[in-house]
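I opened this entry to get my bearings. My notes follow the structure below.

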Amino acid sequence: MIRGRVTKRFAAAPESAGFQLDVEIEAHAGVTVLYGPSGSGKTLTLDCIAGFARPDTGRILLDDRILFDAESGVNLRPQQRSCGYVFQNYALFPHMTLRENLAFAAYDMPRLERHRRLAEQLERFKLTELAGRYPHELSGGQKQRGSIARALISNPRIVLLDEPGRGLDAELRTDLYTLIEELKSGLGMPVLLVTHDPEECFALADHVFIYEGGRIAHRGSPDELLRNPGTSTAAELLGGFTILEAEVAAIDPAKQTSRLLLDGEEIQGPHLRGCFKGDRIALCTRPEELFVRTVPGANRVRRDLRRTLARPQFIRAEFSGGLVVDVPREEWQLLREAGQRCGWWVEIPATGLRQITGARPKAY
Amino acid sequence: MGIDWFPLWLSLEVAALATAISLLFGIWLAWVLANKQFRGKDILDALTTLPLALPPTVLGYYLLVVIGRSSWIGRAWEKITGTELVFTWRAAVIAAALHAIPLLVKSSRAALENVDSAYERAARSLGASEWRLFWRVSIPLARRPVAAATALAFARSLGDFGTTFMIAGDIPGRTQTAAIAIYDAAEANNTRVAATLAIVISVVTAAIVYFANRLETRKRA
């Protein structure tokens, strides 16, 4: 288990804006994804854990060991931290064969154990036949496996992966996901994985930290985040969300409901915390949570159909006001004619709306 | 009259020894300058470059003061080895090394700084000591430019005149290096000796420079 809270400031310089990392992390066995845009402090967090960057304040604990503590001045060297760091460009030593690369990491082991461990690790990562090759003679996927094998050979207590899927094609990426899934079950230690690829995030994560400008804006399991991304930036990053802006028309705490004004039409909304009548708030929803109707009714808003996009399993209909709805293909056949004749309504169930912060409504 | 080849052999020996000494200090200095942050780093950096910029006679004068017979280094040397330091071939080695070190430090430092820091981070996080990192990762990765710098340092040591003249003198058969012999021969109007030595030195130096350039360009290819 890793626990820590660190801050690190970079003063603004003439050519760069200042930056401050201020995060609190806690990760147990399993894959924790640090997800966010470039420059939000994800890799810096890994570097603080691995000992490549020194935080200004805070402390980092790995299991029961203190890796860093600003107050007592503890700052273990990278060599003492037992972190298996897998670098973005693999960082396999180019002047050593794969076997030598692995042996370099197993230097401290007794000779016999080193041999056993090397053979075992090469076998496990399907690298035995390639052991005599130099990194430039290996494919991207093989280098990837090699660097993970090297990071794991001396039994680290945590694995840090910096954008492992970057630069790999779709097939190799799937192999990588399978590999990490296998590792996860066998390792029983925290794996921190940095990525800005939503596919990678949802394929691997047990838990997600969403980074935004040096802070963790939101955290949760992938399912929780898909339900509620928390902030508009996170919603945009994760993709597939529709962000709406509405005015609070009424609040009914007793019934745990609210009334919202969406472009002048009133609908029933979810329970809202910390809001007053007249506030403008941001909400998010997903295309599969909305319904297309051709007659008015409760919680239905009148909209114009802007365009439709055909997808393999469904039709994505985009309406005025930024509403996007996914409709099963067969259903769309029936709806289309009626809609053209009578007009379109979009039904927004109160359960499909979640309040988020920091909205910048999209312009349509 | 046959040509006395002693000055040429002396020059090669002096250059070889000077290069070996500068490798020892130079690479270490280069690594310190490339990797460590400490107070006075700028001053150390400037000091290493100084021998390149100072007039050779000025450098020679300082050396006379520092290692001359009346200095404590000179006296200590005499006490331990029973011989003088100045006006021997050893002084020529010191003069040559002082010129070789800046060249070696400058190029090696650039080469070491060019090594992708990811490799160094990887080595550290895999548990490698700084010593093992240096020998097994940094130096092998920078070996071509460092070898090229060493070759150039050797070429530079081969041809030192001013400083060597000041502190090793011009004793034929003892401290007369090729560069000084050429000067003497030209002064004495002995064109055959001057031309022969000059051509030999030129060929050796040109070969070294060619070799050094090839080392560097192949790295980039």
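Where in α5(B) does a kink lie, and of how many degrees? I found a kink of about 25 degrees at B:Ala100, shortly before the proline B:Pro102. The bend at a residue is the angle between axes fitted to the seven residues ending there and the seven starting there.

I noted the ground rules. This is a predicted model, where local features need pLDDT of at least 70, side-chain atom pairs count only at pLDDT 80 or more, and totals for chains, interfaces and linings use all residues. Residues are numbered from 1 along each chain as its sequence is written, while chains are lettered from A and ligands numbered from 1 in the order in which they are written.

I checked the length of α5(B), residues 89-114.

Next I turned to chain A. I read off nine helices (DSSP H or I, at least four residues) and 22 strands (E, at least two). Of its 364 residues, 39% count as buried.

Last, I looked up where the chains meet. 14 residues of chain B are in contact with 17 residues of chain A (C-beta atoms, placed from the backbone, within 7 Å). On the side of chain B that touches chain A, α6(B) gives the most, with six residues.

Notes
Buried ≥ 20, exposed ≤ 12 C-beta atoms within 10 Å, placed from the backbone. Contact = placed C-beta atoms within 7 Å.
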